[in-house]
Amino acid sequence: MCGRYAFYLPPAKLKSFFGLENLINCPARYNCAPCQELPIVVKNRVGFGRWGFRPDWSREDDPAMASKMINARSETIAQKSAFRDAWALARRCIVPANGFYEWHKDAASGIKQPYYITHKVDEVLCMAGLWSKVDGQVSFTVLTKPADGDISNYHHRMPVMIERDQVGHWFEADLGNATEMIGAASGEQCSAHKVRSDVGKVANDYAALIESYNGDQGEGHMYQSSML
């Protein structure tokens, strides 16, 4: 997964989509970025967490470290010291997103073209994650796996996406079944379209960022995604 996504579902629709017990005031965000406070769903409740995982053993918060922990490879979460406790304790979450951005380098021009990736049917992508709470601070990371489907045309990895009707099982499953769900997760139901390079700047956050754009990007590419 890249380091940016969009989430603009109104609070009431978010509550209905996941069958939540509570509501939060969540403004539309079209350029969610690392180290920002963003909504996460845990079982039947929603709250805010900092995007950028803070391990239980960390003595103090380090934003530089957090920005490198926005993604976690699902293949190694049981072994990596930063994530293994959260995984073992089933501290799973869902990171709701209307879509996410990925950058693909054009072989001919060398320009990195941003794409916006969404689900073909559902309005919301249910991205699987892990959460932690240290010194009262909630943080989260998004799990990733090898890309398939249309996503593989733009990046070799993608977020682990849980289908809507499997979200409840994601929270209830034991470690073995949760691992199987990660293995079965697919990007086959996703599609992508080009968007403006303006999304590369964190300060840009408006609805036009997700709109299809087929014009000349020129030299506007300023951001390259990083995948852990």
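In helix H5, which spans residues 175-184, the buried residues are Ala 178, Met 181 and Ile 182. Viewed down the axis of H5, these buried residues fall within an arc of 100°, so they line one face of the helix. The face turned away from the buried side carries the exposed residues Glu 180, Gly 183 and Ala 184. The model described here is predicted.

What do the buried residues of H5 pack against? Their partners are helix H3 (84-88), strand S6 (92-97), strand S10 (137-146) and helix H4 (167-172). At the start of H5, a side-chain oxygen of Asp 174 comes to within 3.2 Å of the backbone nitrogen of Gly 176.

Leaving aside residues up to four places away in sequence, Trp 170 touches Ala 178, Met 181 and Ile 182, and its other contacts include Trp 87, Arg 92, Ile 94, Leu 143 and Ile 162. Two of these residues also meet each other: the charged end of Arg 92 sits over the ring of Trp 87, 5.7 Å from the ring centre. A further arrangement of this kind involves Arg 164, which lies over the face of Phe 17 at 3.9 Å from the ring centre.

In soluble globular proteins, nonpolar side chains tend to be buried together. Here the largest nonpolar core has 54 residues. Trp 170 is among those with the most contacts inside this core, along with Tyr 5, Phe 18, Ile 94, Phe 140, Leu 143 and Ile 162. Strand S9 (residues 125-134) gives the most to this core, contributing five residues.

Next come the aromatic rings. How many aromatic pairs does the structure hold? There are eight. In one of them, the rings of Phe 53 and Phe 83 have centres 5.2 Å apart and planes at 55°, so the pair is tilted. Phe 53 lies in the loop between strand S4 (45-51) and helix H2 (63-66), and Phe 83 in the loop between strand S5 (71-73) and H3, so the pair ties together parts that are 30 residues apart in sequence. Both Phe 53 and Phe 83 are buried.

The rings of Tyr 115 and Tyr 154 have their centres 4.2 Å apart and their planes at 35°, so this pair is tilted as well. Tyr 115 belongs to strand S8 (residues 112-119) and Tyr 154 to the loop between S10 and strand S11 (157-159), so the pair ties together parts that are 39 residues apart in sequence. Tyr 115 and Tyr 154 are both buried. Elsewhere, Tyr 5, Trp 51 and Phe 140 form one aromatic cluster.

Two loop residues complete the tour. Tyr 8 is placed in the loop between strand S1 (5-7) and helix H1 (11-18). Its relative accessibility is 26%, so Tyr 8 counts as partly exposed. Beyond residues up to four places away in sequence, Tyr 8 touches Ala 28, Arg 29, Tyr 30, Asn 98, Tyr 116 and Ile 210.

Gly 110 lies in the loop between strand S7 (99-105) and S8. With a relative accessible area of 33%, Gly 110 is partly exposed. Gly 110 and Leu 9 are 101 residues apart in sequence, and their C-alpha atoms are 35 Å apart in space.

Terms used. Residues numbered from 1 in each chain as written. Predicted model: local features only at pLDDT ≥ 70, side-chain atom pairs only at ≥ 80, totals over all residues. Heavy atoms only, no water. Buried < 20%, exposed > 50% of the residue type's maximum accessible area, 1.4 Å probe, protein only. Helix = DSSP H or I, 4+ residues; strand = E, 2+ residues; numbered from the N terminus. Arc of directions from axis to C-beta. Contact = heavy atoms within 4.5 Å. Polar contact = N/O pair within 3.5 Å; in protein donor to acceptor, adjacent residues only side chain to side chain. Phe/Tyr/Trp six-rings, centres within 6.5 Å; stacked < 30°, edge-to-face > 60°. Lys NZ or Arg CZ within 6 Å of the ring centre and 35° of its normal. Core = buried A, V, L, I, M, F, W, Y, C linked by side-chain atoms within 4.5 Å.
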